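Let's walk through this one together, a question at a time. Have the sequence and the 3D view open as you read.

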Amino acid sequence: MTQQGVREGQVMKSARLGRLAVLGAAVALAIPAVAQANEVTKWNEIAVNTINAKPPLTSAPPAGAVFVAMVQGAVYGAVNAVDRHGRPYLVYRSYPKASADAAAATAAFRVLDSLFSATDHAALQAAYDASLLAIAPGASKNQGIEVGGLAADAMLAEGHDSRTVITCTFGSGLPGVWQPLGPPGAPLCDPTVWVANAKPFVLKSPSQFRTAGPYSLGSPEYAADLAEVKSLGKIDSTTRTDDQTHAAAYWQTNPAANYNAIARRLVDQFSLDVTDSARLFGLLDLSAADAIINTWNDKYYWNFWRPITAIRSTDPTWTPLFDPSLPVATAGIGPALITPPYPDHSSGATAYASASMHALASFFGTDEMTFYATSSRFPIDPMQPREKRFFSRFSDLTNEILEARIWAGIHFRNADVQAANLGREVERYIQTQYFAFVH
């Protein structure tokens, strides 16, 4: 096919998905989605739940992003080898007669079982057996199992799992330098320091998109950010609204679970097939993981102090909204809300959201989409359905999280703005490198 033909194919696919998105924006509130899981969404949910049940070394958001991406990257690599719509990833030979369902299930199972066999083998094997049982026997099924295994082996061989427990120490105490919180001799440590130097999935290095860094302490820009978070982020702030207080707590929830659930609902809403589902989750989770790896590298490169340390250097009584004393009615259920135990710049939550929402917008060809997110913290009664926050654009979610980190008193605005830009650039790079539609 000529280059012109390829471009026309790209435009046609983007237009088709754009029309779906506009239709979805009109009907999402009126017609509840009916879950129709395919092998990609089934194993995505299994992967997220399996990973999030692990200790923080594996399940904390930066680490969880890496492991979910290992699964979804393998699934995409396998399915793309069966129905080639993008640049080859992990598997370079094409298997046009293979079962995409068998390929997806096998790739996911093999990666998860390799990572977590000691604790989860029986449950994973049962789910895999059920997946294979639903696929008609024959050469297509056998080839699908083969290509899924190839993708999983290739992913596992890349060395993204570099989990290491690293003991943190107190910083220098100099102005601007990150200082771990906690009692002397027993600082609160980041269990996911290892992510800062993890091997990216598509980026060339963990620091490929280095941010411009924090403002200098003597700059008017830093003074404005400091004044803003001191006012809006104070536990008893009179400038923060009740909804802003609620949103800050609401978004202290697991992003992998939240964003992948949004994607699964969109798969159901638009009845996406296995091929498109694999592309969607591949773009979503590879973008999120590489954005987080780059962000964590950024954090420990700049090593910039958190608002609580900066403000208490002149106002020892200042307390951020995220403090263990916050009542459950405000904080919601779950772990106590605290200033995270790692440097301020750049913001992990905002980079994660930005990369994820840009991935969804890229896939559907539009930023306009009516959808909802949930939080593990609300409602307080765990027997009730989770509280939903509705949005009409993917970018609206990112923007709310950007603001929520300031309302929580845990980030300077500059750290969030630069993180949002970082997430956007990472997703754009990955989409261009591997997910541009080809024939």
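Q: Which residues is Asn-297 in contact with, leaving aside its neighbours within four places in sequence?
A: This is a predicted model, in which local features need pLDDT of at least 70 and side-chain atom pairs count only at pLDDT 80 or more, while totals for chains, interfaces and linings use all residues. Residues are numbered from 1 along each chain as its sequence is written, and side-chain values use heavy atoms, with hydrogens and water left out. Contact here means heavy atoms within 4.5 Å. With neighbours within four places set aside, the partners of Asn-297 are Ala-196, Asn-197, Pro-206, Ser-207 and Arg-210.

Q: Is Asn-297 buried or exposed?
A: Asn-297 is found in helix α10; helices (H or I, at least four residues) and strands (E, at least two) are DSSP runs, numbered from the N terminus. Buried means under 20% relative accessible area, exposed over 50% and partly exposed in between (1.4 Å probe, protein chains only). Because its relative accessible area is 12%, Asn-297 counts as buried.

Q: Why is α10 oblique to α15?
A: Axes are lines fitted to C-alpha atoms, for helices over the stretch in contact, and angles run from 0 to 180 degrees between N-to-C directions. Angles under 35 degrees count as roughly parallel, over 145 as roughly antiparallel, 65 to 115 as roughly perpendicular and the rest as oblique. Helix α10 (residues 274-302) and helix α15 (residues 413-435) pack with their axes 9 Å apart, at an angle of about 135°. That angle makes α10 oblique to α15.

Q: Which residues of α15 make the contact with α10?
A: On the α10 side, the contact is made by Arg-279, Gly-282, Leu-283, Leu-286, Ser-287, Asp-290, Ala-291, Asn-294 and Thr-295. On the α15 side, the residues are Leu-422, Gly-423, Val-426, Glu-427, Ile-430, Gln-431 and Phe-435.

Q: Which residue does the side chain of Gln-72 make a polar contact with?
A: Gln-72 sits in helix α4 (residues 61-82) and counts as buried at 1% relative accessibility. Not counting residues up to four places away in sequence, Gln-72 touches Val-40, Asn-44, Phe-281, Gly-282 and Asp-285. A polar contact is a pair of N or O atoms within 3.5 Å; within protein, one must be able to donate a hydrogen and the other to accept it, and residues adjacent in sequence count only if both atoms are side-chain atoms. At 3.1 Å, the side-chain partner of Gln-72 is Asn-44.
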